[in-house]
Amino acid sequence: MNVTFLGLGRMGREMARHVLRGGHHLTVWNRTPGRAGELTAAGAREALSVRAAVTDTDAVVLMVFDDSSARQVIDELIAGAPPATLVINSTSVSPSTSRDLGQLVAKADLRYVEAPVVGTVGPAREGTLRVLVGAAAADAAAAEGLLSLFGSTHRVGGIGTATALKTVVNLGLTLSTAALGEVLRLGSDLGIDRNLLLAELSDGALGSIVNYKRPMLADDLFTPAAFTLDAMIKDLRIAMGAAERALPLATTTLAMAAEASDAGHGGDDFASLAAYYATS
């Protein structure tokens, strides 16, 4: 299969490697040049534009940053992709944006599958992401072979359902991280050693996030980032924009996260939010 991968950030590069390992012919494009070296050395072809990347493709995977970049890339993709091309959007976008993009793609006689992933760089590298699939049944089936290269696939409904589920899952991660920051703040105020507190928390309600990020929190070192704080902020804004009712915990967390980003932690791992909250 001729596969095009658009977007070679931390996640995109790792996912694109699996396409090559799966035996497909891979073309890659990234808005910022210079990120395709390892992939081209392994046999991929680099295109200089989206339109050039998709002219003879069978399937396209998007892994760009946000709603705006996904809309722009898909507009360019529609101008160049052959009829019936399978367009797989793994970008974390809002449910409403995904539905809009699905309609645009369908009008261009292309097929659209939303496939946001749950997991960070490590699972992307290992091919163990959880891939949430929202699409018509036939299109989801057509994308299965490619998506299974990235991890376990789970069709959850039609277009919009997978992005909605991803939005809620990421909100849970964000609020858990903020809650951990407040717990660490209180622990610091009460004079409790951080390592002792982390050990005690590891078996409790916050155990999942503590065990996941304990080395970073213990060493107070938040690079390299598995998932940046700025990316978390973007997903938090998606959640708040999608909500029909107020999300007061999310509102408070967004203010703290934005403050941490402004203080220089935007490119750090999202766990830096907990540490910043604890010490601010």
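Predicted model: local features only at pLDDT ≥ 70, side-chain atom pairs only at ≥ 80, totals over all residues.
Biologist: OK. What does the secondary structure come to?

Modeller: The protein chain has 13 helices and nine strands. Its radius of gyration is 20 Å, close to the 19 Å the globule rule gives for 280 residues, so the chain is as compact as a globular protein of that length.

Biologist: And what box do the C-alpha atoms fill?

Modeller: Roughly 65 × 45 × 30 Å, taken along the principal axes.

Biologist: How many of the 280 residues count as buried?

Modeller: 51% of them.

Biologist: Switching to helix packing. At what angle do helix 8 and helix 12 pack?

Modeller: About 70°, with the axes 10 Å apart. Helix 8 covers residues 161-189 and helix 12 covers residues 248-265.

Biologist: Roughly parallel or roughly perpendicular, then?

Modeller: Helix 8 and helix 12 are roughly perpendicular to each other, because angles from 65 to 115 degrees count as such.

Biologist: Is the crossing left-handed or right-handed?

Modeller: Helix 8 passes helix 12 in a left-handed crossing.

Biologist: Which residues make the contact?

Modeller: From helix 8, Leu171, Thr174, Leu175, Ala178 and Arg185. Helix 12 contributes Leu249, Ala250, Thr253 and Met256.

Biologist: How do the residues of that contact divide into nonpolar, polar and charged?

Modeller: Six are nonpolar, two polar and one charged.

Definitions and conventions: Residues numbered from 1 in each chain as written. Heavy atoms only, no water. Axes fitted to C-alpha atoms, helices over the stretch in contact; angles between N-to-C directions. Helix = DSSP H or I, 4+ residues; strand = E, 2+ residues; numbered from the N terminus. Parallel < 35°, antiparallel > 145°, perpendicular 65-115°, else oblique. Left-handed = near helix turned anticlockwise from the far one by under 90°. Contact = heavy atoms within 4.5 Å. Nonpolar A, V, L, I, M, F, W, Y, C, P; charged D, E, K, R; others polar. Rg over C-alpha atoms; globule rule 2.2 N^0.38 Å. Buried < 20%, exposed > 50% of the residue type's maximum accessible area, 1.4 Å probe, protein only.
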